[in-house]
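Hi,

Here is the structure I said I would pass on. Have a look, and my notes follow below.

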Amino acid sequence: MKKIEAIIKPFKLDEVREALSELNISGLTVTEVKGFGRQKGHTELYRGAEYVVDFLPKIKVEVVVSGEMLETAVEAIIKAAHTGKIGDGKIFVSSIEQVIRIRTGEVNESAL
(Lines give C-alpha, C1' and ligand atoms only; values in the text may rest on other atoms or scores of the structure.)
Protein backbone atom coordinates (compact mmCIF):
# COMPACT_ATOMS: atom_id res chain seq x y z
CA MET A 1 0.00 0.00 0.00
CA LYS A 2 1.13 3.50 -0.78
CA LYS A 3 0.24 6.91 0.64
CA ILE A 4 0.01 9.77 -1.83
CA GLU A 5 0.33 13.30 -0.47
CA ALA A 6 -0.39 15.96 -3.08
CA ILE A 7 0.09 19.67 -2.43
CA ILE A 8 -2.08 21.51 -4.95
CA LYS A 9 -3.61 24.90 -5.69
CA PRO A 10 -6.90 25.36 -3.80
CA PHE A 11 -9.07 25.89 -6.89
CA LYS A 12 -7.94 22.50 -8.28
CA LEU A 13 -9.37 20.48 -5.39
CA ASP A 14 -12.70 19.60 -7.02
CA GLU A 15 -10.98 18.46 -10.22
CA VAL A 16 -8.57 16.23 -8.27
CA ARG A 17 -11.40 14.75 -6.17
CA GLU A 18 -13.45 14.01 -9.29
CA ALA A 19 -10.44 12.41 -11.03
CA LEU A 20 -9.87 10.12 -8.03
CA SER A 21 -13.60 9.31 -7.79
CA GLU A 22 -13.54 8.13 -11.41
CA LEU A 23 -10.92 5.59 -10.32
CA ASN A 24 -13.21 4.44 -7.46
CA ILE A 25 -10.88 6.00 -4.90
CA SER A 26 -13.28 7.46 -2.38
CA GLY A 27 -11.37 7.86 0.87
CA LEU A 28 -9.21 10.93 1.06
CA THR A 29 -8.20 13.55 3.57
CA VAL A 30 -8.00 17.24 2.68
CA THR A 31 -6.13 19.83 4.73
CA GLU A 32 -5.73 23.55 4.16
CA VAL A 33 -2.03 24.33 4.38
CA LYS A 34 0.34 27.17 3.58
CA GLY A 35 3.55 26.72 1.66
CA PHE A 36 6.69 28.48 0.58
CA GLY A 37 8.71 27.40 -2.42
CA ARG A 38 9.78 28.53 -5.87
CA GLN A 39 6.52 30.40 -6.33
CA LYS A 40 7.69 32.81 -3.64
CA GLY A 41 5.18 35.16 -2.10
CA HIS A 42 3.50 38.30 -3.27
CA THR A 43 2.90 41.81 -2.02
CA GLU A 44 -0.50 42.96 -0.79
CA LEU A 45 -1.88 46.32 0.23
CA TYR A 46 -3.87 46.55 3.47
CA ARG A 47 -5.15 49.90 4.76
CA GLY A 48 -2.53 51.73 2.78
CA ALA A 49 0.35 49.65 4.09
CA GLU A 50 2.20 47.23 1.85
CA TYR A 51 3.23 43.86 3.25
CA VAL A 52 4.71 40.66 1.87
CA VAL A 53 2.83 37.36 1.98
CA ASP A 54 5.50 34.63 2.00
CA PHE A 55 3.36 31.58 2.67
CA LEU A 56 0.73 30.93 0.03
CA PRO A 57 -2.48 28.96 0.63
CA LYS A 58 -2.41 25.39 -0.67
CA ILE A 59 -4.43 22.22 -0.24
CA LYS A 60 -2.92 18.92 0.88
CA VAL A 61 -4.75 15.83 -0.35
CA GLU A 62 -3.83 12.52 1.28
CA VAL A 63 -4.97 9.18 -0.06
CA VAL A 64 -3.87 5.57 0.53
CA VAL A 65 -4.07 3.21 -2.45
CA SER A 66 -3.05 -0.33 -3.28
CA GLY A 67 0.27 -0.78 -5.05
CA GLU A 68 -1.48 -1.57 -8.35
CA MET A 69 -3.44 1.71 -8.27
CA LEU A 70 -0.44 3.94 -7.49
CA GLU A 71 0.63 4.97 -10.99
CA THR A 72 -2.96 5.48 -12.18
CA ALA A 73 -3.83 7.62 -9.16
CA VAL A 74 -0.67 9.73 -9.45
CA GLU A 75 -1.30 10.31 -13.17
CA ALA A 76 -4.90 11.34 -12.45
CA ILE A 77 -3.76 13.84 -9.81
CA ILE A 78 -1.11 15.30 -12.12
CA LYS A 79 -3.60 15.67 -14.98
CA ALA A 80 -6.27 17.27 -12.77
CA ALA A 81 -3.95 19.63 -10.84
CA HIS A 82 -1.79 20.79 -13.75
CA THR A 83 -2.03 24.43 -14.86
CA GLY A 84 1.43 24.73 -16.37
CA LYS A 85 2.28 27.65 -14.12
CA ILE A 86 4.67 27.88 -11.18
CA GLY A 87 3.11 26.70 -7.92
CA ASP A 88 1.19 23.72 -9.32
CA GLY A 89 2.47 21.73 -6.36
CA LYS A 90 4.18 18.45 -5.56
CA ILE A 91 3.29 14.81 -5.01
CA PHE A 92 4.97 12.69 -2.35
CA VAL A 93 4.62 8.89 -2.27
CA SER A 94 5.47 6.78 0.76
CA SER A 95 4.93 3.18 1.85
CA ILE A 96 2.26 2.23 4.37
CA GLU A 97 2.93 -0.82 6.53
CA GLN A 98 -0.52 -1.40 7.98
CA VAL A 99 -4.05 -0.01 7.83
CA ILE A 100 -6.76 -0.86 10.38
CA ARG A 101 -10.40 0.18 10.10
CA ILE A 102 -11.35 1.03 13.68
CA ARG A 103 -15.08 0.26 13.36
CA THR A 104 -14.76 -3.27 11.95
CA GLY A 105 -11.19 -4.30 12.69
CA GLU A 106 -10.50 -4.93 9.01
CA VAL A 107 -6.82 -4.70 8.13
CA ASN A 108 -4.72 -3.67 5.14
CA GLU A 109 -6.34 -3.87 1.66
CA SER A 110 -9.82 -4.67 3.00
CA ALA A 111 -9.63 -1.60 5.25
CA LEU A 112 -9.14 0.73 2.30
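Is Glu-5 buried or exposed? Glu-5 is buried, at a relative accessible area of 19% (buried means under 20%, exposed over 50%, partly exposed in between, with a 1.4 Å probe and protein chains only).

Before the rest, some housekeeping. This is a predicted model, where local features need pLDDT of at least 70, side-chain atom pairs count only at pLDDT 80 or more, and totals for chains, interfaces and linings use all residues. Residues are numbered from 1 along each chain as its sequence is written, and side-chain values use heavy atoms, with hydrogens and water left out.

Back to Glu-5: it sits in strand S1, residues 2-8 (strands are DSSP E runs of at least two residues, helices H or I runs of at least four, numbered from the N terminus). Not counting residues up to four places away in sequence, Glu-5 touches Lys-60, Val-61, Glu-62, Lys-90, Ile-91 and Phe-92 (contact means heavy atoms within 4.5 Å).

Now helix H1. Its buried residues are Val-16, Ala-19 and Leu-20. Looking down the axis of H1, they fall within an arc of 95°, so they line one face of the helix (the arc is taken over directions from the helix axis to the C-beta atoms). The buried residues of H1 pack against S1 and H2. After H1 comes Asn-24, with a positive phi near 65°.

Finally, Val-65: leaving aside neighbours within four places in sequence, Val-65 contacts Met-1, Lys-2, Ile-4, Ile-25, Leu-70, Ala-73 and Leu-112.

Cheers
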